[in-house]
Amino acid sequence: MREPRWLRGLAYVCAAAVASWGAVGLVLADLGWYRPVVVLALGLAVWVLLVWLGMPVLAGPGDSDRSALLAAVSAVVLAASVAIWNALHASTHVLTDSDPGVYTDTARWIASHGNLRPTPRVGPFGTARFDVRTPGLSLVGTGRSAAFQFAHLLPVLLAEARSVGGDALMFRAVPILGGVALLAFYVAACRVLRQPWFALGATAALAFAMPQVHFSRDMYSEIPTEVLLFTGLWLLCDGTALRRWRPALATGLLLGVLEGVRVDAFAIVTGVPIVCAVAWYRAPRDERRAVATSMAALLVGVGIGLAIGLNDLVTRSAPYWQSLHSEVVQLVAIAIGATILSAVAVAFESGVRRAAHALQ
């Protein structure tokens, strides 16, 4: 049983907006070219492209059953209500004593200066004999410039919200994204559980779980991660996404750009080659050319997203990247290993099938 088509479209276009304006803003901020009008125009173009890429899935069959419709409307009401409630009780975190304060201060800098190159030693502070480092801000190079900690896609989204609605909207951006994450989760749950009311129950359980409430009321990267990850998951659960190159490319972009949100996103994309191998095994032989093309598009999308995120980490968060370099290398090695094993399994399909039959 699938979700209604209109709900699928709503969840997708919201996630595509997060990926589009987030990725565009991140690239421009890394280059020092961030300007709200430019980000709005380029982000709109990328968003339209992502919607076009996803159309084969969005136009697919949906469930028009009355029970499914009622469950879908309930999911939207739940997501909107939770988002509004959390927004009304959102934190105004500006002290860099933990992650949210760092994200907020980074966002305010991007919105005010259009770049990710803070320069604390200027004016009367140029020769001051005190340490200008703070939690979340590290000096780089000769010490006249600094780097904001963490990946910067979330601060970019917050900066864009600030450009539209000031600090009030900036502090409420994550709670709003929390509602989008719940919609994406509901669609994914419908695909996995196959029963809309079970999916609604699972969505309610997530919405009221204490960690989810905590993350949704402050500036945490877990929430935009959920938006992109849950959307990528339900797209992969749709057979169309692995048989048509357009939705496959869109899925890859959504999953790959997670690297711009969290440095450990390689742990998530490790499963992509395995999914590709399973899709290959399950596909009839006359459909394998289309599956192969889609798998290539999926991997290209993941690569583009990873490149955007890695460039941000390496160039604009160098001390943070260096402190976690060994752990990231391990995740990369695991991802490469998963890719090699999946490729071997596909290449020696007949032997693997014979071994599987022998074990039965």
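Leaving aside neighbours within four places in sequence, T251 is in contact with G232, L235, L236, A241 and L298, where contact means heavy atoms within 4.5 Å. T251 belongs to helix α9 (residues 245-256); helices are DSSP runs of H or I of at least four residues, numbered from the N terminus. At 1% relative accessibility T251 counts as buried, a class that means under 20% relative accessible area, with exposed over 50% and partly exposed in between (1.4 Å probe, protein chains only).

This is a predicted model, in which local features need pLDDT of at least 70, side-chain atom pairs count only at pLDDT 80 or more, and totals for chains, interfaces and linings use all residues. Residues are numbered from 1 along each chain as its sequence is written, and side-chain values use heavy atoms, with hydrogens and water left out.

**Confidence**

- The protein chain averages a pLDDT of 91, and 92% of the residues score at least 70; pLDDT is the predictor's confidence in each residue, from 0 to 100.
- Among the elements of the chain, α1 has the highest mean pLDDT (97) and helix α15 (residues 349-359) the lowest (62).
- Where pLDDT is low, the predicted coordinates should not be read in detail.

**Largest pocket**

- The largest pocket holds about 530 Å³ of space; a pocket is an open set of points on a 1 Å grid over the protein atoms alone, where a 1.4 Å probe fits, with protein on both sides within 12 Å along at least five of seven lines.
- Grid points are joined across faces, edges and corners, and a volume is the space filled by probe spheres set on the points.
- Its lining comprises 18 residues, of which W21, L157, E160, A161 and V164 lie nearest the centre; lining residues have an atom within 4 Å of a point.
- Helices α1 (5-31), α2 (36-58) and α5 (153-193) each supply at least two residues of this lining, and α5 gives the most, with ten residues.
- By class, the lining has 16 nonpolar, one polar and one charged residues; Ala, Val, Leu, Ile, Met, Phe, Trp, Tyr, Cys and Pro count as nonpolar, Asp, Glu, Lys and Arg as charged, and the others, Gly among them, as polar.

**Second largest pocket**

- The second largest pocket has a volume of about 190 Å³.
- Residues lining the second largest pocket include A19, A23 and V24, together with V46, L49 and L50, and also L253, V257, I304, G305 and I308.
- Helices α1, α2 and α12 (288-316) each supply at least two residues of that lining, which has ten nonpolar, one polar and no charged residues.

**Cysteines**

- The count of disulfides is zero, a disulfide being a pair of cysteine sulfur atoms within 2.5 Å.
- The closest cysteine sulfur to that of C14 is in C190, 16 Å away and therefore too far for a bond.
- C237 is likewise in no disulfide, with the sulfur of C190 the nearest cysteine sulfur at 11 Å.
- C14 is partly exposed at 24% relative accessibility, and C237 is partly exposed at 43%.

**Other selected residues**

- V275 lies in helix α11 (residues 271-282) and is partly exposed, with a relative accessible area of 28%.
- Not counting residues up to four places away in sequence, V275 touches L236 and L242; L236 is also among the contacts of T251.
- V275 and G54 are 221 residues apart in sequence and 19 Å apart in space, C-alpha to C-alpha.
- S81 lies in helix α3 (residues 66-88) and is partly exposed, with a relative accessible area of 42%.
- The C-alpha atoms of S81 and G179 are separated by 8.2 Å, the two residues being 98 apart along the chain.
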